[in-house]
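Thanks, everyone. Let me put the structure up, and then I'll walk through the strands, the core and the rings.

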Amino acid sequence: MSKYKQNEYVIGDLVAFEHMKVDKIENADMDDVGVVVSVDGAPGMYGVYWFKTSKITENLAPHLKLVYTIEEK
């Protein structure tokens, strides 16, 4: 996401859930961390591989947050 506007991710971005008020959804754990594995599909949808559950889910950008930030100089 470093070169892109907010809520746009690229393959390889490390993400976590954000703005979700549930403990668990199908195939995912709210405390899990994942990596974006696909960006093709509906606009704003990202395929994320979740490390804890070993599952891939499709997620809307507003429900994801970047786990790290890199300051560009």
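Start with pairing: two strands pair if DSSP finds at least two bridges between them. Strands themselves are DSSP runs of E, at least two residues, numbered from the N terminus. This is a predicted model, where local features need pLDDT of at least 70, side-chain atom pairs count only at pLDDT 80 or more, and totals for chains, interfaces and linings use all residues. Residues are numbered from 1 along each chain as its sequence is written, and side-chain values use heavy atoms, with hydrogens and water left out.

Now strand 1, residues 14-17. Strand 1 pairs with strand 7 (residues 64-66), antiparallel, over three bridges. Strand 1 is also joined to strand 4 (residues 33-38), again antiparallel, by three bridges. Look at A16. In strand 4, A16 stands opposite V33. In strand 7, the bridge partner of A16 is K65.

Next, the core. By nonpolar core I mean a set of buried Ala, Val, Leu, Ile, Met, Phe, Trp, Tyr and Cys residues joined through side-chain atoms within 4.5 Å. Buried is under 20% relative accessible area, exposed is over 50%, and partly exposed is in between (1.4 Å probe, protein chains only). The largest core has ten residues: Y9, V15, F17, V36, Y46, V48, W50, A61, L64 and L66.

On to the rings. Rings of Phe, Tyr and Trp (its six-membered ring) pair if their centres lie within 6.5 Å; planes under 30 degrees apart are stacked, over 60 edge-to-face, the rest tilted. That rule gives three aromatic pairs. One of them is F17 with W50, stacked, at 4.4 Å centre to centre and 15° between the planes. F17 sits in strand 1 and W50 in strand 5 (residues 45-50), so this pair ties together parts 33 residues apart in sequence. F17 is buried at 8% relative accessibility. W50 is buried too, at 0%. Then take Y49 and F51: ring centres 5.6 Å apart, planes at 85°, so edge-to-face. Y49 is partly exposed at 27%. F51 is partly exposed at 44%.

Last stop, G44, in the loop between strand 4 and strand 5. G44 is partly exposed, at 30% relative accessibility. What does G44 touch, leaving out residues up to four places away in sequence? N59, L60 and A61, with contact meaning heavy atoms within 4.5 Å.

Technical notes: Helices (H or I, at least four residues) and strands (E, at least two) are DSSP runs, numbered from the N terminus.
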